[in-house]
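Hi,

Here is the structure I promised to send over. Have a look at it first, and then read my notes below.

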Amino acid sequence: MTELRRKRTNRPGHPQDRRVNREQAMKLSEDDFKFICKFVYKTTGIVLNDSKREMLYRRLTRIIRERKLNSFTDYCQLLRDHGEQEKDFFINAITTNLTSFFRENHHFEYLTSEVIPTLIKNKTANINGKKQLRVWSSACSTGEEPYSIAITILEALKKELAQWDVKILATDIDSNVLAKGKAGIYDVNRIEELPLKLKKSYFLQGSGQSSESVKVHKDLKSIITFKQLNLLHDWPMKGPFDAIFCRNVIIYFDKKTQQELFARYYEMLAPGGLLFLGHSENLGNYQQYFSNVGRTIFRKP
Ligand SMILES: C[S@@+](CC[C@H](N)C(=O)[O-])C[C@H]1O[C@@H](n2cnc3c(N)ncnc32)[C@H](O)[C@@H]1O
């Protein structure tokens, strides 16, 4: 009887066998893990180590199911054969997009207290009679960072605004987060901590089914351009920028990529321009070319 039962459950195609096969197939082998890490590095500059194995497993399992594939090996083959087509989808799945409005608020306080007053004093109008202010949020995620910059600038320039031509470029490699930033619609709890005055001035509360969301004011949208840009690739814009935000992105890159990027950020900054890094980031050897003027704030001489 036991023998008979064993035979029955061992029949090929039996549901139990299929489950066992699927579980075996969904193992992430060392070779596949190494291939995926290399692919991530080549396409994004992001360095994945063993501590990211769980995260990678979770995020890619979802894609593998959606693609109706059976294993990581199949997915690696798809990346080998159709990497170009799959790249965007893959990148969107593996990037970490954590952000918030006025994250690391000391940077926005520095814009208000130092950067904008200095620009007001020193900038002269161009041939159109306007003073130019250019800021780049270079890993903008879902848009909270460029919108926080825009709010800070509009608040600081207030009376002067008509004399200024303000433009903020917001870029990221991930097309999903850019779409969210462009839409400018957020859960109301994302702005919970903001002063009431800013909420009232720059966000419109939804109604009916959208009562739990807010939409950013068109005055903010009108000065921000969202564009997809991989920091490892060519940068098509000319600059120069008065300030560049490069926060909480280089932490994912290796030292070599970081140093290459710092050299390129340096070139993109106007003399006296500022580079803002994330809380756990530093310029390493590139520090000698900038002066450190605040917490993770660096000025090009
Ligand atoms: C943790 S978020 C940081 C968002 C924001 N700067 C902040 O500090 O709140 C990192 C962002 O970097 C982007 N990113 C990662 N690799 C990139 C690359 N090679 N080029 C451009 N953006 C990249 C990710 O898509 C993600 O949205």
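Predicted model: local features only at pLDDT ≥ 70, side-chain atom pairs only at ≥ 80, totals over all residues.

Residues are numbered from 1 along each chain as its sequence is written, and side-chain values use heavy atoms, with hydrogens and water left out.

**Pockets**

The pocket search ran on a 1 Å grid over the protein atoms alone: a pocket is an open set of points with protein on both sides within 12 Å along at least five of seven lines, and a lining residue has an atom within 4 Å of a point. Grid points are joined across faces, edges and corners, and a volume is the space filled by probe spheres set on the points.

The largest pocket comes out at about 430 Å³. It has 26 lining residues, and Thr 96, Ala 139, Asn 248, Val 249 and Tyr 252 are the closest to its centre. By class, that lining holds 11 nonpolar, 11 polar and four charged residues (Ala, Val, Leu, Ile, Met, Phe, Trp, Tyr, Cys and Pro count as nonpolar, Asp, Glu, Lys and Arg as charged, and the others, Gly among them, as polar).

The second largest pocket has a volume of about 360 Å³. Nearest to its centre, out of 16 lining residues, are Leu 169, Thr 225, Met 237, Lys 238 and Phe 241. Strands S1 (131-137), S2 (164-172) and S6 (224-228) each put at least two residues into this lining, with S2 giving the most, four.

**The ligand**

Where does the ligand sit? It is in the largest pocket, going by the rule that more than half of its atoms lie within 2 Å of the pocket's grid points. There are 22 residues around the ligand, and Thr 44, Thr 99, Ala 139, Asp 172 and Asn 248 come nearest (a residue is near if one of its heavy atoms lies within 4 Å). That shell consists of nine nonpolar, eight polar and five charged residues.

For polar contacts (pairs of N or O atoms within 3.5 Å), these are worth a look:

- Asp 172 has a polar side-chain atom 2.6 Å from an oxygen atom of the ligand.
- Ala 139 has a polar backbone atom 2.8 Å from a nitrogen atom of the ligand.
- Arg 247 has a polar backbone atom 2.9 Å from a nitrogen atom of the ligand.

On its own the ligand has 610 Å² of accessible area, and the protein covers 99% of that (Shrake-Rupley method, 1.4 Å probe).

**The cavity**

A cavity is a set of points where a 1.4 Å probe fits but cannot get out. There is one of 30 Å³ or more, and the largest cavity holds about 40 Å³. Its lining includes Leu 111, Val 115, Leu 133 and Asp 242. Helix H6 (106-122) supplies the largest share of that lining, four residues. The lining has eight nonpolar residues, no polar ones and one charged.

Gly 239 and Pro 240 are joined by a cis peptide bond, with omega at about -5 degrees. Pro 240 is in the loop between S6 and S7. Lys 68, although not a glycine, has a positive phi of about 55 degrees; Lys 68 is in the loop between helices H4 (53-66) and H5 (72-94).

Cheers

Methods. Polar contact = N/O pair within 3.5 Å; in protein donor to acceptor, adjacent residues only side chain to side chain.
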